[in-house]
Amino acid sequence: MKTKWWLIALLVCLAVASFSPLASSSPDGLERVAEDKGFIDVGKEAPYQIIADYVFPGIENEALATILAGWIGTLILFGMAYGVAWLLKSRKREPVK
Amino acid sequence: MHIPDGFLNIGTVAATFVVSAGGVGNAVRVANKKLGEKHVPLMGILAAFIFAAQMLNFPVAGGTSGHLIGAALAAILLGPWAAVLIMSCVLIAQSLIFQDGGLLALGANIFNMGIVASFSGYYLYRLFVSMRGENRRSQLIGGFVGAWGSVFLASIVCAIELAVSGTSPIQVALPAMAGVHALIGIGEGLITGAVLSLVLATRADLLQLQKV
């Protein structure tokens, strides 16, 4: 059976997520502006935490916890958008039962 | 550019929620008409890629980092309404599961990085390609231009929201946000161009899919 192209593409996405421990930890553009202009403290913490800040909880090795969070998120997003698209796709060309 | 809770006042939260709900609702209607079998796996892959790539913050000048938004890339490949759906999936998951972007700020984040970035990226790309011809070179440069513009415009809209909320005056927020995102947008442009180049080399047919 010919391998589905998207299966390979999904593996590439997981590989991309594996580089996440190498990401810059500097504040992003908005955070930088909020710090410089003195309104960073107006921000509120989330009322609950699941995989907060892309670090999977309970794993001591932070690089591993980050990669795991990345893989989980990548798979969730694939499933979520695939599911939404599958539900929404036009069915007008399919025969009526 | 994920806005946390607390940065926006209740009026801005409500207004952006209403506009984004309307935008997503319309995206659902358009997708219902135009989305075909072949779009489905590409929607999943783009959402997965955008999530993964958004984790890879790259350094820009002065102890600041930026990361891909991805709306322009999604819009160029699939069309702006499909991109709104993809970005909404990414932003909802990031807010609910990864505590990146506030729950109340979700409407604003979908408006900025979903709607504004998708449409500006898409039409800047279209404009460029229509002027310079449908060839590889103009598609890649058009991708860079669309991606850069999408980040720049989204940051300006974000600054306006901060100003309207009374968090930071417009004459402070606007130049600061636009300035730093003019730099981050270069990264967005380069990544978008690189991915488009990869798609053109391996699956050029994907660019021929009907735009949604």
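Chain A of this predicted model has 3 helices and 0 strands. Read along the sequence, the pattern is α-α-α. The C-alpha trace of chain A spans about 60 × 30 × 25 Å along its principal axes. Its radius of gyration is 19 Å, whereas a compact globule of 97 residues would have one near 13 Å. Burial in chain A stands at 28% of the 97 residues. Among the contacts in chain A between residues at least 6 apart in sequence, 47% join residues at least 24 apart.

Ile40(A) gives a local view of this chain. It lies in the loop between α2 (29–36) and α3 (62–88) of chain A. Is Ile40(A) buried, exposed or partly exposed? It is partly exposed, because 17 other C-beta atoms lie within 10 Å, and a buried residue needs 20 or more. Leaving aside neighbours within four places in sequence, Ile40(A) is in contact with Glu31(A), Ala34(A) and Glu35(A). Leu87(A) is 47 residues from Ile40(A) along the chain. The C-alpha atoms of these two residues are separated by 40 Å.

Chain B is built from 7 helices and 2 strands. From the N terminus on, its elements run α-α-β-β-α-α-α-α-α. The radius of gyration of chain B is 16 Å, close to the 17 Å that the globule rule gives for 212 residues, so chain B is as compact as a globular protein of that length. Its C-alpha trace spans about 45 × 40 × 30 Å along the principal axes. Buried residues make up 61% of the 212 residues in chain B. For contacts in chain B with a separation of 6 or more, residues 24 or more positions apart account for 73%.

With 20 C-beta neighbours inside 10 Å, Val195(B) counts as buried. That count sits on the cut-off, because a residue is buried if 20 or more other C-beta atoms lie within 10 Å of its own. Thr16(B) is 179 residues from Val195(B) in sequence and 31 Å from it in space, C-alpha to C-alpha.

Leu196(B) is also found in helix α7 of chain B. It is buried, because 24 other C-beta atoms lie within 10 Å. Which residues does Leu196(B) touch, not counting those up to four places away in sequence? They are Ile76(B), Gln139(B), Leu140(B) and Gly143(B). Leu140(B) is 56 residues from Leu196(B) in sequence, yet the two C-alpha atoms are 6.6 Å apart in space.

Now turn to the interface. In total, 56 residues of chain B are in contact with 46 residues of chain A. On the side of chain B that touches chain A, the elements giving two or more residues are α1 (10–34), α2, β1 (58–60), β2 (64–66), α4 (80–96), α6 (136–164) and α7. Helix α2(B) gives the most, with 12 residues. By class, this side of chain B has 35 nonpolar, 16 polar and 5 charged residues.

One helix pair shows how α2(B) meets chain A. Two packed helices are described by the angle between their axes and the distance between the axes. Here the pair is helix α1 (residues 5–17) of chain A and helix α2 (residues 39–54) of chain B. Their axes come within 8 Å and cross at roughly 10 degrees. That makes α1(A) roughly parallel to α2(B), because angles under 35 degrees count as roughly parallel. From α1(A), the contact is made by Trp6(A), Ala9(A), Leu10(A), Cys13(A), Val16(A) and Ala17(A). From α2(B) come Pro41(B), Gly44(B), Ile45(B), Ala48(B), Phe49(B), Ala52(B) and Ala53(B). These residues divide into 12 nonpolar, 1 polar and no charged.

In soluble globular proteins, nonpolar side chains tend to be buried together. The largest nonpolar core in this model has 99 residues. Which of its residues touch the most other members? They are Ala81(A), Met43(B), Leu46(B), Ala47(B), Ala74(B) and Ile86(B). Leu46(B) touches Ala74(B), Leu77(B), Leu78(B) and Ile86(B), not counting residues up to four places away in sequence.

Conventions
Residues numbered from 1 in each chain as written. Chains lettered and ligands numbered in written order. Predicted model: local features only at pLDDT ≥ 70, side-chain atom pairs only at ≥ 80, totals over all residues. Buried ≥ 20, exposed ≤ 12 C-beta atoms within 10 Å, placed from the backbone. Axes fitted to C-alpha atoms, helices over the stretch in contact; angles between N-to-C directions. Helix = DSSP H or I, 4+ residues; strand = E, 2+ residues; numbered from the N terminus. Parallel < 35°, antiparallel > 145°, perpendicular 65-115°, else oblique. Contact = placed C-beta atoms within 7 Å. Nonpolar A, V, L, I, M, F, W, Y, C, P; charged D, E, K, R; others polar. Rg over C-alpha atoms; globule rule 2.2 N^0.38 Å. Core = buried A, V, L, I, M, F, W, Y, C linked by C-beta atoms within 7 Å.
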